[in-house]
Structure formats: C-alpha cells, structure tokens
Amino acid sequence: MSGPRRLGEPRRARVRADARGRPLSIDGRAVEAVRESWLVEDRWWTQQPLRRRYWEVVTADGRDVVVFRELISGGWFSQRG
C-alpha cells in the first residue's frame, strides 16, 4: 500500500511567451485566448517564499489550461485543479 498522493502536482511546461510574459504557445499548442491572469505571493515570511504569475488560457484545440511562471527561480509549469 502506498502513501497519500498529492493532487494537482505542477508539471514542467514548454511555454513561449511575449515580452510581457503572456503565453503565446504551450507545449506546441497556440494560445487563442487568455481568460485570466493572477499573481500569487505566499510564504514571504519563510526562507522559501513563493511568487508565481498564473495564466488561464484557451489553446487552439479548445483546451482550458492553467500555467504559471515561477518568478523567483524561473521556469514554466502547468497545473490542474
């Protein structure tokens, strides 16, 4: 028997973005629309603060995708709810 499993674990994503950070393509799929963008800042009182810019987008094949960019360490990730 295995232990508990985390749901919605972030996975690395290949994201091409414009100069302002808006995703243009995700894993080779063009972004058709941005639904929402928001900033998350948490754990600022710890040694490992978290700062991420999230984007909820619709890709050309109709998928609703949530990606975020790690603003402290860099890198793009996708995350499912």
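The tour goes from the whole chain to the sheet, then the turns, and then the core.

**Before you click**

You're looking at a predicted model, in which local features need pLDDT of at least 70 and side-chain atom pairs count only at pLDDT 80 or more, while totals for chains, interfaces and linings use all residues. Numbering starts from 1 along each chain as its sequence is written, and side-chain values use heavy atoms, with hydrogens and water left out.

**Stop 1: the whole chain**

Zoom out first. The C-alpha atoms fill a box of roughly 35 × 35 × 20 Å along the principal axes. Colour by secondary structure and you get zero helices and seven strands, with helices (H or I, at least four residues) and strands (E, at least two) taken as DSSP runs numbered from the N terminus.

Of the 81 residues, 27% are buried; buried means under 20% relative accessible area, exposed means over 50%, and partly exposed is in between (1.4 Å probe, protein chains only).

**Stop 2: the sheet**

Select the strands. In which order do the seven strands sit in the sheet? Read across, it's β1-β7-β6-β5-β4-β3-β2, an open sheet with antiparallel pairing; two strands pair if DSSP finds at least two bridges between them. Highlight β1 (11-12) and β2 (15-17): these stand at the edges with a single partner strand each, so one side of each has no neighbour in the sheet.

**Stop 3**

β2 and β3 run antiparallel, joined by three bridges. Five residues separate them in their hairpin, and glycine 21 in that turn has a positive phi of about 95 degrees.

Next, select serine 25, in strand β3 (residues 23-26). Arginine 16 stands opposite serine 25 on one side, and alanine 30 in β4 is opposite serine 25 too. Is serine 25 buried or exposed? Serine 25 is buried, at 12% relative accessible area. Show its surroundings, leaving aside neighbours within four places in sequence, and you'll find Arg14, Val15, Arg16, Ala30 and Val31 in contact, contact meaning heavy atoms within 4.5 Å.

**Stop 4**

Click on aspartate 27, in the loop between β3 and β4. Aspartate 27 has a phi near 50 degrees, positive in a residue other than glycine. The hairpin here has two residues between the strands, and aspartate 27 is partly exposed at 31% relative accessibility.

Move to arginine 29, in strand β4 (residues 29-42). Arginine 29 is partly exposed at 26%, and touches Leu24, Thr59, Asp61 and Arg63, not counting residues up to four places away in sequence.

Arginine 43 comes next, in the loop between β4 and β5. Here is another positive phi in a residue other than glycine, near 55 degrees, and arginine 43 is partly exposed at 35%.

**Stop 5: β6, β7 and glycine 75**

Valine 67 has serine 78 in β7 as its bridge partner. In the loop between these two strands, select glycine 75: it's buried at 19%. Beyond four places in sequence, glycine 75 is in contact with Arg12, Phe68, Arg69 and Glu70.

**Last stop: the core**

Select Ala13, Val15, Ile26, Val31, Trp55, Val57, Val65, Val67 and Trp76, the nine residues of the largest nonpolar core. Such a core is a set of buried Ala, Val, Leu, Ile, Met, Phe, Trp, Tyr and Cys residues joined through side-chain atoms within 4.5 Å. β5 (50-59) and β6 (64-70) each supply at least two of its members. Finish on valine 31: leaving aside neighbours within four places in sequence, valine 31 is in contact with Pro23, Leu24, Ser25, Ile26, Val57, Val58 and Thr59.
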